[in-house]
Number of protein chains: 2
Amino acid sequence: MLMSQLYSPTLRETPSEAEIISHKLMLRAGLMRRSAAGMYAFLPLGLRVIRKVEQIIREEMNAIDGQEVLMPIIQPAELWEESGRWKDYGDEMFRLKDRQGRQFCLGPTHEEIVTALVRSEVRSYRQLPLRLYQIQNKYRDERRPRFGLMRGREFIMKDMYSFDRDHETLDQSYWAAYHAYKRIFERCGLEAHPVEADSGAIGGDVTHEFMVLAESGEDLVLFCEACEYAANAERAEGVRVPVQEGEKTAFEPLETVATPGASTIDQISAFLGVEPKDCIKTLIYLADGKPIAALVRGDHELNEIKLKKFLQCVELELADDETIFKVTKARTGFAGPVGLSIPCYADYAIEHIANAVVGANKDDHHTLNVNLDRDFQVTAFTDLKETQPGDPCPRCSGTLQGARGVEVGQVFKLGTKYSDAMSATFLNEDGKETPLVMGCYGIGVGRTVAAVIEKNYDEDGIIWPLSIAPYQVVVVPVSMKDEAQASAAQSLYEELQAEGIEVVLDDRDERPGVKFKDADLIGFPIRVTIGAKSLEQGQMEIIWRRTKEKQSLPIEAIVPTIKNFLRDGDQI
Amino acid sequence: MLMSQLYSPTLRETPSEAEIISHKLMLRAGLMRRSAAGMYAFLPLGLRVIRKVEQIIREEMNAIDGQEVLMPIIQPAELWEESGRWKDYGDEMFRLKDRQGRQFCLGPTHEEIVTALVRSEVRSYRQLPLRLYQIQNKYRDERRPRFGLMRGREFIMKDMYSFDRDHETLDQSYWAAYHAYKRIFERCGLEAHPVEADSGAIGGDVTHEFMVLAESGEDLVLFCEACEYAANAERAEGVRVPVQEGEKTAFEPLETVATPGASTIDQISAFLGVEPKDCIKTLIYLADGKPIAALVRGDHELNEIKLKKFLQCVELELADDETIFKVTKARTGFAGPVGLSIPCYADYAIEHIANAVVGANKDDHHTLNVNLDRDFQVTAFTDLKETQPGDPCPRCSGTLQGARGVEVGQVFKLGTKYSDAMSATFLNEDGKETPLVMGCYGIGVGRTVAAVIEKNYDEDGIIWPLSIAPYQVVVVPVSMKDEAQASAAQSLYEELQAEGIEVVLDDRDERPGVKFKDADLIGFPIRVTIGAKSLEQGQMEIIWRRTKEKQSLPIEAIVPTIKNFLRDGDQI
């Protein structure tokens with residue numbers, strides 16, 4: 001490719017829309033342009049990178065017997081009603097009507113479509129396992145699209161769906177995908193850590209996210225440095241520590257005090273001069289419409305995902321003021337467990353508090369010296385708090401560390417959630433109608449590219465891993481007006497092309513500084529500079545983008561050096 | 001690929017939804033499945049064909065310096081308001097709102113997006129010509145989606161956009177694309193005829209459609225057998241034949257007669273016992289809100305596209321009853337040119353009619369013996385009729401023939417329609433701000449595949465051209481239970497794979513008849529059958545799908561024969 005013809009408008013200034021490094025560099029290097037919030041056009045260089053990542057994914061999916069298909073983006077509402085998710089997806093789903101008024105959505109994911117696709121045609125266990133995947137745009141109307149490809153509203157995803165005869169073979173599909181994912185990210189030059197995660201709106205019970213640790217990551221990942229345990233913070237398990245004999249002593253007498261206007265933990269602890277950890281937060285929720293109380297320590301946050309999962313309810317929301325008044329006889333902010341007649345679920349940490357401060361179920365009052373059993377009972381103890389760095393590891397005696405992470409992929413065991421709801425069955429070995437056992441497996445293609453940049457850049461621009469660089473080599477004659485340089489550059493360009501090497505010749509009539517800056521910004525792994533002086537001495541210069549190391553070599557050594565380097569496939 | 005693992009559910013029966021052969025065979029051969037009206041999921045074999053067509057297109061677009069990009073499918077309404085097409089597109093456009101209530105559409109085409117993409121970054125004539133293309137889903141909410149991939153609502157299209165400095169270089173871009181299109185269709189094994197066409201909602205003045213002649217085609221193509229002229233019927237030019245001296249004689253006196261209840265040409269000609277060709281149809285239109293009359297011969301149809309283009313109006317619609325009454329003082333159905341005070345445009349054929357029958361501008365009356373000049377005047381004569389087979393060729397003295405055609409591609413000279421509306425300018429050689437001169441070029445990928453099938457099938461199924469066959473070879477052992485057959489089949493399969501040949505091994509435990517039927521239905525160009533008897537004689541049988549010719553060959557000759565055949569690249 002000739003640089004003079006390549007449509008790759010580089011920018012010296014960072015557009016104000018960009019906050020994180022990958023976003024800034026993808027705009028500056030002319031890889032993409034924004035068209036609307038969370039929607040981007042890929043320019044030629046950006047699309048080449050995307051296609052390379054897609055090809056790596058494709059090869060690894062084919063290697064585990066995945067078969068590529070392409071399903072519609074527009075999906076009829078009826079299918080989502082069958083699975084019950086038409087309502088669940090809420091505002092994140094782009095919805096539209098056709099000219100007949102029929103409802104559709106733009107697929108945020110494809111469980112419904114793929115289940116409908118196979119349900120009438122997979123009839124026998126002999127057709128299983130079946131693993132179908134596609135690489136395609138997905139749509140999610142994010143509340144706050146940002147960070148370029150990290151959180152877009154239209155984005156490219158690889159999604160695979162597996163269909164198995166039972167949970168044992170689902171296990172094989174799941175781990176095949178898990179290991180394929182490790183290989184995919186490795187081949188893209190990324191270290192991605194599988195962590196236990198929550199399955200969210202997709203459903204199912206076992207799931208791993210593949211996380212790339214990066215400061216710009218939107219997720220908090222917790223991992224134990226002593227063992228292998230790693231989990232997304234929203235999923236990380238809390239530990240139940242047994243109450244030691246004598247741990248809680250000297251129960252003081254109950255006392256109710258006026259705390260006018262102080263309703264939050266911070267206000268109360270300041271007002272009463274107590275530590276937040278000695279307070280109990282009492283939250284009133286409506287679980288499928290019925291009020292319940294949830295207790296966590298004053299300095300902890302309640303994790304609604306855990307509460308919802310524990311209660312096995314469909315809808316969970318904080319109760320409205322009216323319900324709270326009905327249940328506690330007080331304004332919102334003064335609820336406490338003493339005397340409550342609704343079910344009361346407490347986080348494990350509550351077991352350890354003595355003489356706690358709680359809401360008095362009376363406007364502007366709190367109760368002091370509240371103690372479990374003596375003053376209130378709990379329906380059940382469970383893991384309800386948001387796990388934090390510093391918390392104990394649920395697997396060993398280690399302590400959890402925290403790091404920010406970018407989720408680049410996720411694998412799910414779905415089980416029979418969709419096949420049950422949508423009657424997708426097959427005849428098993430005994431001729432019995434049995435629901436298909438499903439898994440699903442996603443990779444954000446654009447987000448993977450962005451994560452690669454977050455981990456591979458310097459002050460001058462992107463440093464592409466060889467495997468997904470838009471081109472491997474750029475040839476830069478210092479001056480195209482010098483005939484010797486121009487003709488040496490042209491020869492090298494042609495020789496590299498003949499070797500099947502992806503090369504750009506910067507044939508622009510620009511100052512060398514401009515050309516070098518663009519080469520560094522775009523991030524070609526290898527630059528060959530051709531200057532008048534070195535050319536006279538029969539030499540050219542290779543500059544390795546990652547190390548910025550320079551090597552003057554005889555002209556005839558340039559191609560073999562590059563070939564060797566590419567053959568060894570180093571992630572320079 | 002092993003047939004036992006391939007997800008390719010073939011059907012013995014034709015689904016009732018399918019009307020034309022390509023649609024039937026794509027469903028029966030397990031290439032795709034319907035998900036909603038005009039929306040399809042491609043299964044593995046179907047997607048392989050699609051990808052091959054895409055790759056041919058990609059190579060030919062790259063060969064004419066096209067650069068591949070990928071633009072968003074969701075497009076903001078504001079861009080379409082800039083070009084003025086937000087309203088024009090009407091019900092065919094899928095529209096939606098995001099959670100903030102902003103309006104978007106699903107791109108039916110990408111002129112607006114691509115113009116917005118380059119307008120801020122193409123600044124100099126030095127950056128031109130620029131040719132950007134993408135291969136991507138397009139969306140049109142067809143009133144009547146049908147015929148499978150022929151008229152879908154979600155469909156894959158290649159669209160290229162060219163930007164040039166002037167009309168001369170646009171000409172180069174246009175003809176480069178035109179010739180690339182010819183090569184693309186040829187490589188897909190299709191004879192596609194470029195015909196002059198109308199540019200419709202896309203705009204611009206020069207455009208060719210690439211038509212594959214097939215009975216199932218939705219378009220009527222007219223072509224001259226004497227010369228090269230070919231055009232879509234809606235575009236085909238009418239010819240003005242000079243009126244010969246003495247052609248019209250014996251003008252009879254005007255006479256107005258009662259024609260109660262007879263208002264259509266058929267009714268009038270029956271009632272009065274005259275030929276439709278001796279009647280004049282007078283149609284009252286509103287052109288940008290102003291009434292005009294349009295005259296065509298009674299046996300001709302008016303072509304609104306031609307009328308609209310001649311009047312250069314934005315909106316053209318048949319006038320309502322009220323307007324007609326105001327203009328003619330009569331009910332709808334009795335308009336005539338005599339005494340009309342609005343502009344009156346007549347088709348060329350009107351010049352030749354003597355003693356015509358016309359509406360009398362009086363309820364239930366017509367006027368006889370109406371003659372041009374004596375009884376009415378015409379504002380202008382022009383080409384207004386729908387051209388038909390049998391009409392004279394506008395280029396030579398030949399006669400036009402008609403044929404049904406499937407439009408597989410179209411190329412347009414847009415000129416500055418979008419760059420003017422959207423202020424997309426560059427600085428020319430003289431430093432003067434100048435609008436970019438644009439062209440656009442589309443190919444329906446799925447429709448091309450369907451057209452290939454329309455032209456390549458027999459009673460047993462599809463007959464793929466080699467270039468886009470999902471796999472080139474299928475190896476069919478008569479019985480997989482016979483160890484000798486199974487092992488010979490496996491060896492051949494591996495040998496063919498090692499040669500880089502795309503091969504399926506039908507390893508299913510099915511009757512040979514079932515396997516042969518599937519092979520024919522799917523349409524693999526080459527089948528190798530391995531039977532017990534011939535194997536004993538050291539032979540296998542090649543069956544060429546297109547000719548059904550069978551060839552028994554020594555085992556060692558099978559691979560070389562196939563290789564030779566593939567190398568020669570014949571379109572068997």
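**Stop one: a loop in chain A**

Start by selecting D373(A), which sits in the loop between β19 (365–370) and β20 (380–382) of chain A. Helices (H or I, at least four residues) and strands (E, at least two) are DSSP runs here, numbered from the N terminus. Check the backbone: D373(A) isn't a glycine, yet its phi is positive, about 70 degrees. D373(A) counts as exposed because it has 8 C-beta neighbours inside 10 Å. The cut-offs, with C-beta atoms placed from the backbone: 20 or more other C-beta atoms within 10 Å is buried, 12 or fewer is exposed, and in between is partly exposed.

Before moving on, note that this is a predicted model: local features need pLDDT of at least 70, side-chain atom pairs count only at pLDDT 80 or more, and totals for chains, interfaces and linings use all residues. Residues are numbered from 1 along each chain as its sequence is written, while chains are lettered from A and ligands numbered from 1 in the order in which they are written.

**Stop two: a hairpin in chain B**

Now pick β18 (356–359) and β19 (365–370) of chain B, which pair in the antiparallel sense over 3 bridges (strands pair if DSSP finds at least two bridges between them). A356(B) has V370(B) as its bridge partner. The two strands form a hairpin with 5 residues between them, and N361(B) in the turn has a positive phi of about 55 degrees. Next, click N369(B), in strand β19 of chain B; its phi is positive too, near 60 degrees. N369(B) is partly exposed, with 18 other C-beta atoms within 10 Å.

**Stop three: the cis peptides**

Which residue does a cis peptide bond join to L128(A)? The partner is P129(A), with omega about -5 degrees, in the loop between α5 and β7 of chain A. Chain B has a cis bond from L128(B) to P129(B), omega again about -5 degrees.

**Stop four: where the chains meet**

Show both chains. A rotation of 180 degrees with 0.1 Å of shift along its axis superposes chain A on chain B, at RMSD 0.1 Å (least squares on the C-alpha atoms of residues with pLDDT of at least 70 in both). That is the relation of a two-fold axis. In chain A, the C-alpha nearest the axis belongs to L96(A), 2.7 Å from it.

Finally, select the contact: 38 residues from chain A and 37 from chain B, where contact means C-beta atoms, placed from the backbone, within 7 Å. On chain A's side, β2(A) gives the largest share, 4 residues.

How values were computed:
Contact = placed C-beta atoms within 7 Å.
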